[in-house]
Amino acid sequence: ELISFCNFLFENKHYDRALLSFFNFLYRFPGDELEPTIYYLIGKCYEYTQNNDLAIKYYQRTINSQNSSVKEQKAASYRKLYMHLINNENQMVLDQTVLTEDPYLLVLRGYAQLQRFDWDSARHAFLSAQERFKHDHYSQLILPIIDKIENVNNIPLKDARTSLLASLIPGGGQGYTRQWNSGIGVLSSLIILGGYLQISSNKIH
């Protein structure tokens, strides 16, 4: 019954109340097999309320939990790295994705390189992700980003950054450096939220 209530609050976006219920569950049932899933959902609540550092903390707890499945650990790892990207910790993202062949991680790597205005490396990362996904759906999501990167070479250097970032962020280029973080998950969210990051609700039902 408590789990159903927690799930109800979360799915209806009552994140503050959901947090209280999740912590209540952890207090009442220490070591329960659902503990890593609860940690993961706590992380998502903090993420959705823009408490990124706390989100990172609880995604890490999911990863560290002895009861975590491989799927849960991978989902938490993706989401945790995504939070570092939103925090503009681009070097950390790049360090943790060196030599990766994971297409999800390659997408995050590509965004980190875009934030550093490293067009060639970003293009390579997105092309590598596209190749490894081997799926038309993902190709259609990635292709416009690659096109924008390639087109930036035809724009005067002074305007290149503004033009590319504005084209990838909803609402145009107003204050693009400030808005880049808020818009950076457009492609990442579409790809990454489509599988591993939905494991929590499936397990609770």
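Let's start with Cys45. Its sulfur sits 9.2 Å from the closest cysteine sulfur, in Cys6, and that is too far for a bond. A disulfide here means a pair of cysteine sulfur atoms within 2.5 Å. From the side of Cys6, the closest cysteine sulfur is the one in Cys45, again at 9.2 Å. The structure holds 0 disulfides. Cys45 is buried, with a relative accessible area of 0%. Cys6 is buried too, also at 0%. Buried means under 20% relative accessible area, exposed means over 50%, and partly exposed is in between, with a 1.4 Å probe and protein chains only.

A word on the model. It is predicted: local features need pLDDT of at least 70, side-chain atom pairs count only at pLDDT 80 or more, and totals for chains, interfaces and linings use all residues. Residues are numbered from 1 along each chain as its sequence is written, and side-chain values use heavy atoms, with hydrogens and water left out.

Now the overall layout. The protein chain has 13 helices and 0 strands. Helices (H or I, at least four residues) and strands (E, at least two) are DSSP runs, numbered from the N terminus. Of the 205 residues in the protein chain, 50% count as buried. Next, contacts, meaning heavy atoms within 4.5 Å. Take those in the protein chain between residues at least 6 apart in sequence: 54% join residues at least 24 apart.

Next, charge. How many salt bridges does a search of the whole structure find? It finds 1. The cut-off is a side-chain nitrogen of Lys or Arg within 4 Å of a carboxyl oxygen of Asp or Glu. The side chains are those of Glu47 and Arg79, at 2.7 Å, N to O. Glu47 lies in helix α3 (residues 35–48) and Arg79 in helix α5 (residues 70–86), so the pair ties together parts that are 32 residues apart in sequence. Are these two buried or exposed? Both Glu47 and Arg79 are buried.

On to the core. A nonpolar core is a set of buried Ala, Val, Leu, Ile, Met, Phe, Trp, Tyr and Cys residues joined through side-chain atoms within 4.5 Å. The largest one has 52 residues. Which of them touch the most other members? Phe22, Ile38, Ile42, Leu114 and Phe126. Look at Ile38. Leaving out residues up to four places away in sequence, Ile38 touches Ile3, Phe22, Phe25 and Leu26.

Now helix α7. Helix α7 covers residues 103–115, 13 residues in total. From first C-alpha to last, α7 reaches 19 Å, close to the 18 Å expected at 1.5 Å a residue. That expected span is 1.5 Å times one less than the number of residues. α7 is mostly covered, with 13 of its 13 residues buried. Asp102 caps the N-terminal end: a side-chain oxygen lies 2.9 Å from the backbone nitrogen of Tyr104. After α7 comes Phe117, with a positive phi near 60°.

Within α7, pick out Tyr111. Tyr111 counts as buried, at 2% relative accessibility. Tyr82 is 29 residues away along the chain, and the C-alpha atoms of Tyr111 and Tyr82 are separated by 9.9 Å.

Last stop, the loop between α6 (90–96) and α7, where Thr100 lies. Thr100 counts as buried, at 18% relative accessibility. Not counting residues up to four places away in sequence, Thr100 touches Leu105 and Leu106.

Note on methods:
A polar contact is a pair of N or O atoms within 3.5 Å; within protein, one must be able to donate a hydrogen and the other to accept it, and residues adjacent in sequence count only if both atoms are side-chain atoms.
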